[in-house]
Amino acid sequence: MNIPLPDSSELPELTVNPSLQQMPVPWKHLLTLLTFAKKQDMDRIEPGNELVLIWSDPANKNLRFETAMPDHLLALKMAAERTRPEEAARQTGKSIAQLDALLWDAVRKGILLAPGSYLRRSANFLSATGAQLPAAEVFTVQCYLTPTVHPYQEQGDAPPLPEEFPSLRAISLIQELRHFCWNRFVRPQLAFCGDNLLSHPDFFELYQLSADHGLMTAIQSNATDRETIKRLMEIQRPDYYQVNLEGEEAYNDQIRGAGNFRRTIDFLELLTELGVPNMVQLTLTRDNLDQVIPLAKTLEGITGGLTFNRLTLSETGSRFILPTRDTYRDFLQQYLAAVQTHPVLVVQDNLLNILCEEQGKPLSGGCTGYGCGAAFNTIAILPDGTVHACRKLSSPIGNILTQSLEDVYNSEAAARYRDGSTACNGCKLKPVCGGCLAVTASFGHDPLTSKDPYCFRI
């Protein structure tokens, strides 16, 4: 079993572990002898043909044994014959999602070997930082099936809302997203977004189709009722359900309307009761800066995470403003310290990594796990089909109603956003930071050549 295993970077496709051996044995449940078997397990050993798989685990090089199950054999057959899940689904009657699951399970166990993710930073990005960044494992599309009105936007100056995203295009997008990610060996995630999203007439059909195609799913919307969430869970548990709060109760209700805070808290408790992972996002301004940590205390045990985005100053103007840079740095120091006692707080803002570096703490993945993930491991699609590198920033890179996902992602505009701001070139924190392009742009600066005005790294 001393067969050398190839590195994932050397693999062009899913491959059967070359160390794998299939051993027929004349006894059933014989593998219990290789464990700390109890007497009742020993009693299960009986005459009968059984196939045992033996292989070297690529994770730790240990020898592993397991009784061959039908799913194992199907995964091996698919890899050996280079059969894609779509074709295997037609042959076996299993869903694409079921076949994806058994393939990923075989990879997790080491029976199959998978190539490394092809979703990697460009040579320009890596040469600018002098660091090798791990490739992304998940690609997320935020699809706004319905429009969203942000409470911080001045409604009198707001542009007309676009129509709902076309359901027929959503169907083909689901299929495209799967192919896009399969060809890059990353997991596809579709985040459904928009106000009153679950009331969309085709939402549940689209959610079911996403689940059937093996997509990870997420929801970014507002509260709904128990029966609607139970219906959602019958199809597939989302990776998370995200709602918004803007601070403590009085302030939040001033922004989002009377009773919103209590309704949102009740909804979070419902999600937790029904086993739906959930989180809260807050838009940070000068006025609610001092409410974030008190809000975290309120949310302990109610939700899985509280995170924030700095306010992006609207092109149409806003009555809200951001704090000064010094005030913001002080806030980040308090926030990072509070994480130790309030685990509901999520370390996500890119600039927190400056403090982590100063304090000798491990760096976080930043905004998307890979610093600024704009047009890298995430994109946003608005109801009119416009694709943006980042939802918080006017950053059009194409239109999904007239272009394919591949064409949009491979566009020059998308590549430029992926490389981030040239002002950050040479900074060793760029792989996990890069500042916030949206905040930079909202101050009237070119986000692709200017530094985040809140960056305080010396």
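Visitor: How do the residues of the lining of the largest cavity divide into nonpolar, polar and charged?

Guide: The lining of the largest cavity has six nonpolar, three polar and three charged residues (Ala, Val, Leu, Ile, Met, Phe, Trp, Tyr, Cys and Pro count as nonpolar, Asp, Glu, Lys and Arg as charged, and the others, Gly among them, as polar). Keep in mind that this is a predicted model, where local features need pLDDT of at least 70, side-chain atom pairs count only at pLDDT 80 or more, and totals for chains, interfaces and linings use all residues. Residues are numbered from 1 along each chain as its sequence is written, and side-chain values use heavy atoms, with hydrogens and water left out.

Visitor: What is a cavity, and how many of 30 Å³ or more does the search find?

Guide: On a 1 Å grid over the protein atoms alone, a cavity is a set of points where a 1.4 Å probe fits but cannot get out; lining residues have an atom within 4 Å of a point. Searching the whole structure gives three cavities of 30 Å³ or more. The largest has a volume of about 80 Å³ (the space filled by probe spheres set on the points, which are joined across faces, edges and corners). Its lining includes Arg121, Phe125, Tyr370 and Lys430.

Visitor: Which residues line the second largest cavity?

Guide: Leu14, Leu103, Trp104, Val107, Ala114, Trp182 and Phe185 do, around about 50 Å³ of space. By class that is seven nonpolar, no polar and no charged. Helix α4 (residues 96-109) gives the largest share, three residues. (Helices, H or I with at least four residues, and strands, E with at least two, are DSSP runs numbered from the N terminus.)

Visitor: Which helix α4 residues does α3 meet?

Guide: Contact means heavy atoms within 4.5 Å. Pro85, Glu86, Ala88, Ala89 and Thr92 of α3 meet Ile96, Leu99, Asp100 and Leu103 of α4. In that contact you'll find six nonpolar, one polar and two charged residues. The two axes come within 9 Å and cross at roughly 115° (axes are lines fitted to C-alpha atoms, for helices over the stretch in contact, and angles run from 0 to 180 degrees between N-to-C directions).

Visitor: How many residues line the second largest pocket, and which lie nearest its centre?

Guide: A pocket is an open set of grid points with protein on both sides within 12 Å along at least five of seven lines. This one has a volume of about 250 Å³ and 16 lining residues, with Asp100, Trp104, Arg187, Gly214 and Leu215 nearest its centre. Helix α4 shows up again, giving the most to this lining with four residues. The classes here are ten nonpolar, two polar and four charged.

Visitor: In what order do the nine strands of the open sheet come?

Guide: Strands of a sheet pair through backbone hydrogen bonds, parallel or antiparallel. Here the order is β11-β10-β9-β8-β7-β6-β12-β13-β14, with mixed pairing (two strands pair if DSSP finds at least two bridges between them). At the edges, β11 (306-310) and β14 (396-399) each have a single partner strand, so one side of each is left without a neighbour in the sheet.

Visitor: In which sense do β3 and β4 pair, parallel or antiparallel?

Guide: Strands β3 (residues 46-56) and β4 (residues 63-67) are antiparallel over five bridges, with Ile54 opposite Phe65. Their hairpin has six residues between the strands, and Lys61 takes a positive phi near 65°.
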